Amino acid sequence: MKNLKKILNNKSKSEYVHEMFDKLAVDYDLMNNIISFGRHKFVKKQVIKNVPLRDGMNILDVCTGTGDIPLFIAKKFGNSVKITGVDFSEKMLEIARKRNDRYNKTEFINADALNLPFEDNYFDAVFISFGLRNLADLRKGILELQRVTKKGGYVVNLDMGKPKGILGYIFRLYFFGLVPLLGKLFHGSAEPYSYLPESCESFPDQEELVRIFHELGFDEVKNYNFAFGALAQQIARV
Ligand SMILES: C[S@@+](CC[C@H](N)C(=O)[O-])C[C@H]1O[C@@H](n2cnc3c(N)ncnc32)[C@H](O)[C@@H]1O
């Protein structure tokens, strides 16, 4: 097992992540389908269903990547909600814009999740999916999501979780052993898929994330596990 410091190879986390997703962009959707056996789409749709979204809402998706979350929200609500996707990888955004071009109330902006270009209390719901783990500063990232969310609104996180017991053991074998191999086979490089499990090692599990959301001043925090806790969603009320 490599460790994250070795993988970053003297680059800052933000620089490394930015370069990695620029290079990965064209294969990102295919690789997600392969490593999750197509399940990530089902989970993202369920994550959206779990949030009480309504027509007329102003919604943000931070670290939007190729724009799955905006796409699945727009498929459900059409142009009756306004959706903004933010990412710092222009290559990922190019794909997100193409995939969402049918929805004229969805727009994509190139910006840093740690310094969002929006005023305070601006959005009804703010999503981040497989993004928090990639930020250089987790708490700063969450506070920035909180800042742009209206009082009573929702911050919604989806990321890898940590399953327990024998399932946790099997999952780690798959995650650390097979996933980098699949990266090598289908993307031509194991590197991003060695970064993926390593970035999870230093990332808090779902129970700890719930505690951090409370510590940062959120009122109600709910956790939903998927795939026996290999994936987890938190919905935190501002
Ligand atoms: C694993 S992808 C997740 C994409 C998408 N949300 C999904 O669920 O498939 C992480 C994304 O976060 C973006 N990202 C990472 N750090 C960022 C930051 N500080 N500011 C903006 N985007 C960032 C990357 O460019 C990448 O597109």
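Biologist: In this predicted model, which residues have the most contacts inside the largest nonpolar core?

Modeller: The largest nonpolar core of the predicted model has 51 residues. In soluble globular proteins, nonpolar side chains tend to be buried together. The residues with the most contacts inside this core are Ile35, Leu53, Ile73, Phe127 and Phe175.

Biologist: Which residues is Phe175 in contact with, leaving aside neighbours within four places in sequence?

Modeller: Phe175 is listed with those that have the most contacts inside the largest core. Once its neighbours within four places in sequence are left aside, the partners of Phe175 are Met160, Pro180, Leu196, Pro197 and Cys200.

Biologist: How many residues are in the other core, which lies apart from the largest one?

Modeller: Among the members of that other core are Phe123, Val126, Leu135 and Ile212. The number of residues in this core is 28.

Biologist: Are α6 and α9 parallel or oblique to each other?

Modeller: Two packed helices are described by the angle between their axes and the distance between the axes. Helix α6 (residues 138-148) and helix α9 (residues 206-215) have axes 11 Å apart, at an angle of about 55°. Because of that angle, α6 relative to α9 is oblique.

Biologist: Is the crossing of α6 and α9 left-handed or right-handed, and how do the residues of the contact divide?

Modeller: The crossing of α6 and α9 is right-handed. On the α6 side, Leu138, Arg139 and Ile142 take part, and they meet Leu209, Arg211, Ile212, Phe213 and Glu215 of α9. The residues of this contact divide into five nonpolar, no polar and three charged.

Biologist: How many residues of the contact of α3 with α4 are charged?

Modeller: From α3 come His40, Lys41, Lys44, Lys45, Ile48 and Lys49, and from α4 come Asp68, Ile69, Phe72, Ile73 and Lys76. The residues of this contact include four nonpolar and one polar. The number that are charged is six.

Biologist: What is the phi of Phe37, and is Phe37 buried or exposed?

Modeller: Most residues other than glycine have a negative phi, and most peptide bonds are trans. Phe37, in the loop between α2 and α3, has a positive phi of about 55° although it is not a glycine. Since its relative accessibility is 66%, Phe37 counts as exposed.

Biologist: Where is Phe228, and is Phe228 buried or exposed?

Modeller: Phe228 lies in the loop between β6 (221-226) and β7 (231-237). Its phi is near 60°, a positive value in a residue other than glycine. With a relative accessible area of 69%, Phe228 is exposed.

Biologist: Is Leu116 buried or exposed?

Modeller: Leu116 is found in the loop between β3 (106-110) and β4 (123-129). Not counting residues up to four places away in sequence, Leu116 touches Leu60, Val62, Val86, Glu144, Leu145, Arg147 and Val148. Its relative accessible area is 3%, so Leu116 is buried.

Biologist: What separates the C-alpha atoms of Leu116 and Arg147?

Modeller: Leu116 and Arg147 are 31 residues apart along the chain. Arg147 is one of the residues that Leu116 touches. The separation of their C-alpha atoms is 9.4 Å.

Note on methods: Residues are numbered from 1 along each chain as its sequence is written. This is a predicted model: local features need pLDDT of at least 70, side-chain atom pairs count only at pLDDT 80 or more; totals for chains, interfaces and linings use all residues. Side-chain values use heavy atoms; hydrogens and water are left out. Axes are lines fitted to C-alpha atoms, for helices over the stretch in contact, and angles run from 0 to 180 degrees between N-to-C directions. Helices (H or I, at least four residues) and strands (E, at least two) are DSSP runs, numbered from the N terminus. Angles under 35 degrees count as roughly parallel, over 145 as roughly antiparallel, 65 to 115 as roughly perpendicular and the rest as oblique. A crossing is left-handed if the near helix is turned anticlockwise from the far one by less than a right angle, and right-handed if clockwise. Contact means heavy atoms within 4.5 Å. Ala, Val, Leu, Ile, Met, Phe, Trp, Tyr, Cys and Pro count as nonpolar, Asp, Glu, Lys and Arg as charged, and the others, Gly among them, as polar. A nonpolar core is a set of buried Ala, Val, Leu, Ile, Met, Phe, Trp, Tyr and Cys residues joined through side-chain atoms within 4.5 Å. Buried means under 20% relative accessible area, exposed over 50%, partly exposed in between (1.4 Å probe, protein chains only).
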